[in-house]
Amino acid sequence: MTTPHRLPPEDLFQKPPVFTSVAEERRHRKERLAATMRIFARFGYEEGLAGHVTVRDPETPDHYWVNPMGLPFDHITVDNLVLVDGDGAIVQGRHQINLGAFNIHRQIHQARPDAVAVVHTHSIHGRAFSALGRLLDPITQDACPFFEDHALFEDYTGIVLDGEDGRRIAKVLGPHKAVILRNHGLLTVGETVDAAAWWFVAMDRCCHAQLLAQAAGPLTSIPPEIARLTRQQIGNHLIAWNSFQPMYLQIAKSDPDLFGSGE
């Protein structure tokens, strides 16, 4: 007899923290944002002025924390993050931001109230895969969380100088966790910084795996019903949050300066 498939019991996993104050939650989100930039530096996701993560402020939801433009990812601390309003005007911080990137991110945040964080970098494998103009195939277990849960934006028109392209990207993203921007790269969202960052790392690795597999020969995909089941099992927010924790613990230990002054 075939054993019925079940979702992993939630009590096997850690739960995201619950906060007693807005200040505590803000500090937590900023720490995870700074840690994400350090982690992305380790993965080689940095590319000149490109690469940005926005995080919704817990007290003022139409304001966003973002990494400063022009600082190396592995130099970023909690102290030099920048707070901008919904128009991209700097509210707090001494550095400039990538306004073209923000034109995309703000439209996604506005369209998706559940998206606490939006992540986009010009990762090598994400860029290479985006040039194929196709979605990821469910060729491995790790690709299944994205099965029927990512989209393809096919209309690259250059640097985003106003909100119109951002609105169109947000519309294509819809309710999904990720979108492939053709000829550009990957973008992911999450209910926490941790989840959004994990989905980006996982998706970039899936792009790498599929590029390697395609180069070697014909692809063998997991059947849709099994890919869909696997997505239900491991493609949720809780699994993504937990998957990020080992990376966070490692960077927090190796790079304690990311926490800044602690104020």
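1. Cys144 counts as buried in this predicted model, because its relative accessibility is 0%. The cysteine sulfur closest to that of Cys144 belongs to Cys206 and lies 8.8 Å away, which is too far for a bond, given that a disulfide requires two cysteine sulfur atoms within 2.5 Å.

2. Cys206 is likewise in no disulfide, since the nearest cysteine sulfur to its own, that of Cys207, is 7.2 Å away. Cys206 is also buried, with a relative accessible area of 7%, and the structure as a whole holds zero disulfides.

3. As for secondary structure, the protein is built from seven helices together with eight strands. Of the contacts that join residues at least 6 apart in sequence, 70% are between residues at least 24 apart.

4. On overall dimensions, the radius of gyration of the protein is 18 Å, which agrees with the value near 18 Å that a compact globule of 263 residues would have. The C-alpha trace, taken along its principal axes, spans about 60 × 45 × 30 Å.

5. Turning to burial and surface, 51% of the 263 residues in the protein are buried, a class to which both Cys144 and Cys206 belong. The accessible surface amounts to about 12300 Å², and carbon and sulfur atoms account for 54% of that area.

6. Regarding charge, the protein carries 24 positive and 31 negative charges, and the mean position of the positive charges is 2 Å from that of the negative ones.

Note on methods. Residues numbered from 1 in each chain as written. Predicted model: local features only at pLDDT ≥ 70, side-chain atom pairs only at ≥ 80, totals over all residues. Heavy atoms only, no water. Helix = DSSP H or I, 4+ residues; strand = E, 2+ residues; numbered from the N terminus. Rg over C-alpha atoms; globule rule 2.2 N^0.38 Å. Buried < 20%, exposed > 50% of the residue type's maximum accessible area, 1.4 Å probe, protein only. Contact = heavy atoms within 4.5 Å. Areas by Shrake-Rupley, 256 points an atom, 1.4 Å probe, with all protein chains shown as cover. Lys, Arg positive; Asp, Glu negative; His and termini not counted. Charge placed at Lys NZ, Arg CZ, Asp CG, Glu CD.
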